[in-house]
Amino acid sequence: MIIRRRLGPMLIAIILFALTIVWMSSLTQLVVGHFWLKPGVTQTIGGSQTPVTYQGTILQEKAMESPDILPIYGSSEFSSVSEFHPSRLFEGEPTGFAPFLVGRGGTQDIIHALNMAALGQSLKDKKIAIILSAQWFTPEGIGLAYFKQNFSPLHAYRMFFNLSLSAQTKNQLIKRLLAFPGAFDEEPTLHALLSQSLLAGQTSTFQSVRLAGKGRVEMAALEVQDALRTIAYTRLIDERGSAINATTTAPPLSSWLELKNKAAGQGKTMAHNRFNILDAYYAANVKPKLAENRGSAAKAGFYPSPEYQDLELLLKLLQETKAHPMFIIVPVNGLWYDYTGFPIEERKAYYERIEKLVRDTGFEVANFGDHEYDSYFLQDTMHLGWKGWVNVDEALDRFYHEGA
């Protein structure tokens, strides 16, 4: 009799617990968004490179629902900061939007693909920009070290439980993730869950349900951690900074031609070598090995590479999520690559190949491959610099406003 009286409350408690676990993402998004992500806070955080943005989901989802934010996915070029860097040039939303940077060194196509799979339907009809780098397209593709440091278990769980993705795309992504077993050393449940999903019909129903339940609980715990980290990071943002980015507070920008001329002038004062590379970078990274790099890349190329399959997977996910992306193709430093002997035909073929791959899916491309010899476009051998950022800024601004 006593057991029967307790059975009802216990059952209700179990149901409430299960519902809380299932809806944890929505709950944390709602609470953090209402109390901590005040106007201007997400826009301000978007200018920094923090794991809270590129390995979490709350801030990215907030960026997706904010009409004055343009999310930009990229990698190490975000560290090439100058007054022409998008986070600086568009501070105070001079043309009506704030860039939201997602990524750091080593966040290549497969990492972006997993991110998109985790965001799912929040990407629908949202404009985003993705910056591609030629140096990703090596014969080996992304290495374990880069993959591991940028891999997000939260994103992997979100992808797994995302019912809006096709089974084919999801399986393709899971197989690619499992090619990096070293990234799952501390995630045995996630690894088992992903591995089991590829063995449809070969595991018992009880085992599948048990593992899915355990995965749900672990994902909920990661979502709580994401919420706590987001709250902690918002406390680093001062009110003056968020007020600047809450709406348009900056004066109108100079013309793009004036900005390009200004950027070229600044580059000229900071790069005094035959490759137009930033002096400090040249002294530390190029000059010490100048002689041994002459002709060292004569047999190098950008094809084949597993990175192309990862890019195709990213494109497929963007189609399924109905996002509206623009891909930005960044050139390499032609003067430096000629010096190393890297065949110019390989470089040209890369720019054309990538542009075709993206355009065939119907997405937009800003291809700057013909700027290899444009002085001060890059600040080193491969990263955007003074003029390069202004050109990219112009493309972002046009992309954000077209069709508006």
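Predicted model: local features only at pLDDT ≥ 70, side-chain atom pairs only at ≥ 80, totals over all residues.

Me: What does Tyr350 touch?

Reply: Setting aside residues up to four places away in sequence, Tyr350 touches Leu132, Ser133, Ala134, Phe137, Phe302, Tyr308 and Ile329. Tyr350 is also, together with Phe327, one of the residues with the most contacts inside the largest nonpolar core, which has 83 residues.

Me: And the second core, how many residues is that?

Reply: The second core is separate and has 32 residues, including Leu70, Phe78, Val330 and Leu384.

Me: Where does Ile328 sit, and is it buried or exposed?

Reply: Ile328 is in strand β4, which covers residues 324-329, and it counts as buried because its relative accessibility is 0%. Leaving out residues up to four places away in sequence, Ile328 touches Ala129, Ile130, Ile131 and Leu132, and also Ala366, Phe368, Val392 and Leu396. For a distance reference, the C-alpha atoms of Ile328 and Pro139 are separated by 22 Å, the two residues being 189 residues apart along the chain.

Me: Switching to the other helix pair, how do α2 and α5 cross?

Reply: Helix α2 (residues 24-35) and helix α5 (residues 58-65) cross at roughly 70 degrees, and their axes come within 10 Å. The two helices are therefore roughly perpendicular to each other, since the range for that label is 65 to 115 degrees.

Me: What meets what there?

Reply: On the α2 side there are Ser25, Thr28, Gln29, Val32 and Gly33, and these meet Ile58, Glu61, Lys62 and Glu65 in α5. By class, the residues of this contact divide into two nonpolar, four polar and three charged.

Me: How covered is α9?

Reply: Helix α9, residues 153-160, is mostly covered, with eight of its eight residues buried; among them are His155, Tyr157 and Arg158.

Me: What is Asn115 in contact with?

Reply: Asn115, which lies in helix α7 (residues 109-119), is in contact with Tyr54, Gln60, Tyr73, Val102 and His155, leaving aside neighbours within four places in sequence. Asn115 is itself buried, with a relative accessible area of 3%.

Me: Now the backbone. Which peptide bond is cis?

Reply: The bond from Tyr303 to Pro304 is cis, with omega near 0 degrees, and Pro304 is found in the loop between α16 and α17.

Me: What about phi at Glu93 and Tyr376?

Reply: Glu93 has a positive phi, near 50 degrees, in a residue other than glycine, and Tyr376, also not a glycine, has a positive phi of about 70 degrees. Glu93 lies in the loop between α6 and β2 and is buried, at 2% relative accessible area. Tyr376 is in the loop between β5 and α20; its relative accessible area is 14%, so Tyr376 counts as buried under the 20% cut-off.

Notes:
Residues numbered from 1 in each chain as written. Heavy atoms only, no water. Buried < 20%, exposed > 50% of the residue type's maximum accessible area, 1.4 Å probe, protein only. Helix = DSSP H or I, 4+ residues; strand = E, 2+ residues; numbered from the N terminus. Core = buried A, V, L, I, M, F, W, Y, C linked by side-chain atoms within 4.5 Å. Contact = heavy atoms within 4.5 Å. Axes fitted to C-alpha atoms, helices over the stretch in contact; angles between N-to-C directions. Parallel < 35°, antiparallel > 145°, perpendicular 65-115°, else oblique. Nonpolar A, V, L, I, M, F, W, Y, C, P; charged D, E, K, R; others polar.
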